[in-house]
Amino acid sequence: MTPSIAGVAIMARHELADAVRSRRALVLLTLYLVGSVAATAIFATLLKHIEVEVSAAVGLESAKQVGTVSSTLWKSKPFREMVIHLTGDRALGETLLQVPPVGLFYGWLSLTFAPLLVLMTAAGRMAEDIGDGSARFILFRSSRLDWCLGTFLGQAGQLLLALLLSALGAWVTGWWRLAGAFDAVATMQAMLWLAFKAWFYALAALGLALGVSQFFSSPHLATVVGFIVLVGLSVLAGLARHFSGDGLRRLWDLALLLTPGGHRLGVWHNDAAHLLPTMAYLVALAFVYLFAGYAYLARRDL
């Protein structure tokens with residue numbers, strides 16, 4: 001069956017309207033905002049303690065503003081060479097060093113926790129409508145494919161807004177707590193760019209969440225299974241990185257292609273040669289996971 005653009009758009013609009021009406025959107029935005037603000041505040045507190053210890057160790061007076069020591073360290077050649085060595089990729093290391101410290105922390109935060117939050121908020125979405133029977137009323141005026149794609153697009157729109165809001169919350173917290181190492185304009189640009197890249201990374205998790213959701217009638221069961229699958233894929237990506245190599249070990253590269261974690265490092269790059277294929281793979285994975293669920297939904301008795 002071919003999807004209808006108008007039908008998909010209607011389902012996406014319905015998903016957004018229903019999220020606002022049921023206050024799911026408010027819960028989602030609040031969850032991302034509070035999480036980013038709290039995590040950035042904790043980061044600032046830890047940074048303050050570290051700077052005090054470093055200053056005491058080298059016999060310097062502690063800086064009055066948090067972040068001053070870190071900013072100086074960030075620009076030092078030995079530290080920069082150490083970061084490049086740890087990444088194992090000079091181009092990637094230099095890219096990371098161009099990002100302000102608080103922006104780099106936000107990037108790590110969003111890439112680490114956005115997929116988990118997506119599973120918590122989206123894995124039960126279609127299962128809920130199937131379980132309470134409301135899917136029958138939706139499908140009376142829409143095809144199953146339009147419903148599937150429209151729900152994905154509606155959830156993707158909410159996710160992008162939530163990540164942008166979380167970036168704003170982290171930026172305000174960093175501006176307030178890290179005045180000594182805070183370039184407001186550069187940090188804002190870095191955070192918005194990282195939020196956009198984290199959105200692509202989280203789309204794969206969204207496709208997985210909604211793919212799993214189409215197999216169940218219980219939102220709670222769908223969430224648990226989705227979480228187990230996501231953790232399993234993360235473990236698989238870690239094993240693939242560890243065991244990949246020459247000869248037959250190249251088969252592990254296939255596992256990296258089929259798991260979101262296999263593309264995480266590529267998200268950090270800014271050059272088109274690395275970033276565009278990474279984004280394409282992540283979107284493709286999102287639809288592979290989504291349509292794996294749809295293949296079951298299309299034949300399911302609702």
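Is Phe-243 buried, partly exposed or exposed? I looked up its accessibility in this predicted model. Phe-243 comes out at 35% relative accessibility and therefore counts as partly exposed.

**Entry 1**

I placed Phe-243 in helix H11. That helix covers residues 219-243, 25 residues in total. I compared its span with expectation: the distance from first to last C-alpha is 36 Å, close to the 36 Å expected at 1.5 Å a residue.

I then listed what H11 buries, and found Ala-222, Gly-226, Leu-230, Leu-233, Ala-237 and Ala-240. Which helices do the buried residues of H11 pack against? I noted helix H6 (101-122), helix H7 (125-131), helix H10 (184-213), helix H12 (251-257) and helix H14 (272-297).

Phe-243 also belongs to a nonpolar surface patch, together with Val-224, Phe-227, Ile-228, Val-231, Val-235 and Leu-239. The accessible area of this patch is about 600 Å² for its members together.

**Entry 1. The chain as a whole**

I turned to the overall composition and counted 14 helices and zero strands. The chain has 302 residues, of which 46% count as buried.

I also looked up contacts by sequence separation. Of the contacts in the chain with a separation of 6 or more, 75% are between residues 24 or more positions apart. The accessible surface of the chain is about 15600 Å², and carbon and sulfur atoms hold 70% of that area.

**Entry 2. The largest nonpolar core**

In soluble globular proteins, nonpolar side chains tend to be buried together. I searched for such a set here, and the largest nonpolar core has 76 residues. The residues with the most contacts inside this core are Tyr-32, Tyr-106, Val-118, Trp-147, Leu-163, Leu-203 and Leu-206. Helix H10 gives the most to the core, with 18 residues.

I took Val-118 as one case. Setting aside residues up to four places away in sequence, Val-118 touches Tyr-32, Ala-123, Leu-159, Ala-202, Ala-205, Leu-206 and Ala-209. Two of these names, Tyr-32 and Leu-206, also stand in the list of residues with the most contacts inside the core.

How many salt bridges does a search of the whole structure find? I recorded eight. Side chains of opposite charge can pair when their charged atoms come close. I followed the pairs made by Asp-18, which is buried at a relative accessible area of 15%.

With Arg-21, Asp-18 forms a salt bridge whose closest N and O atoms are 2.8 Å apart. Both residues lie in helix H1 (residues 5-21), three residues apart, about one turn of the helix. Arg-21 is exposed, with a relative accessible area of 57%.

With Arg-24, the side chain of Asp-18 meets in a salt bridge at 3.0 Å, N to O. Arg-24 is partly exposed, at a relative accessible area of 23%.

With Arg-125, Asp-18 forms a salt bridge in which the closest N and O atoms are 2.9 Å apart. Asp-18 lies in helix H1 and Arg-125 in helix H7, so this pair ties together parts 107 residues apart in sequence. Arg-125 is buried, with a relative accessible area of 4%.

I then traced shared partners. Salt bridges join Glu-15, Asp-18, Arg-21, Arg-24, Arg-125, Glu-128 and Asp-129 into one network.

**Entry 3. Two further buried residues**

Is Ser-142 buried or exposed? I located Ser-142 in the loop between helix H8 (134-140) and helix H9 (144-177). Its relative accessible area is 13%, and Ser-142 is therefore buried, the cut-off being under 20%. Apart from neighbours within four places in sequence, Ser-142 is in contact with Met-11 and Trp-147. I note that Trp-147 is also one of the residues with the most contacts inside the largest nonpolar core.

Leu-92 is in helix H5 (residues 90-97). Leu-92 is buried, with a relative accessible area of 2%. I looked up its contacts beyond four places in sequence and found Thr-87, Leu-265, Trp-268 and His-269. Leu-92 and Gly-266 are 174 residues apart in sequence, while their C-alpha atoms are 9.0 Å apart in space.

Conventions. Residues are numbered from 1 along each chain as its sequence is written. This is a predicted model: local features need pLDDT of at least 70, side-chain atom pairs count only at pLDDT 80 or more; totals for chains, interfaces and linings use all residues. Side-chain values use heavy atoms; hydrogens and water are left out. Helices (H or I, at least four residues) and strands (E, at least two) are DSSP runs, numbered from the N terminus. The expected span of a helix is 1.5 Å times one less than its number of residues. Buried means under 20% relative accessible area, exposed over 50%, partly exposed in between (1.4 Å probe, protein chains only). Contact means heavy atoms within 4.5 Å. Patches are made of residues with over 30% relative accessible area and no salt bridge: like charges are joined within 9 Å, nonpolar side chains (Val, Leu, Ile, Met, Phe, Trp, Tyr) within 5 Å. Accessible areas come from the Shrake-Rupley method with a 1.4 Å probe; for residues, only the protein chains shown count as cover. A salt bridge is a side-chain nitrogen of Lys or Arg within 4 Å of a carboxyl oxygen of Asp or Glu. A nonpolar core is a set of buried Ala, Val, Leu, Ile, Met, Phe, Trp, Tyr and Cys residues joined through side-chain atoms within 4.5 Å.
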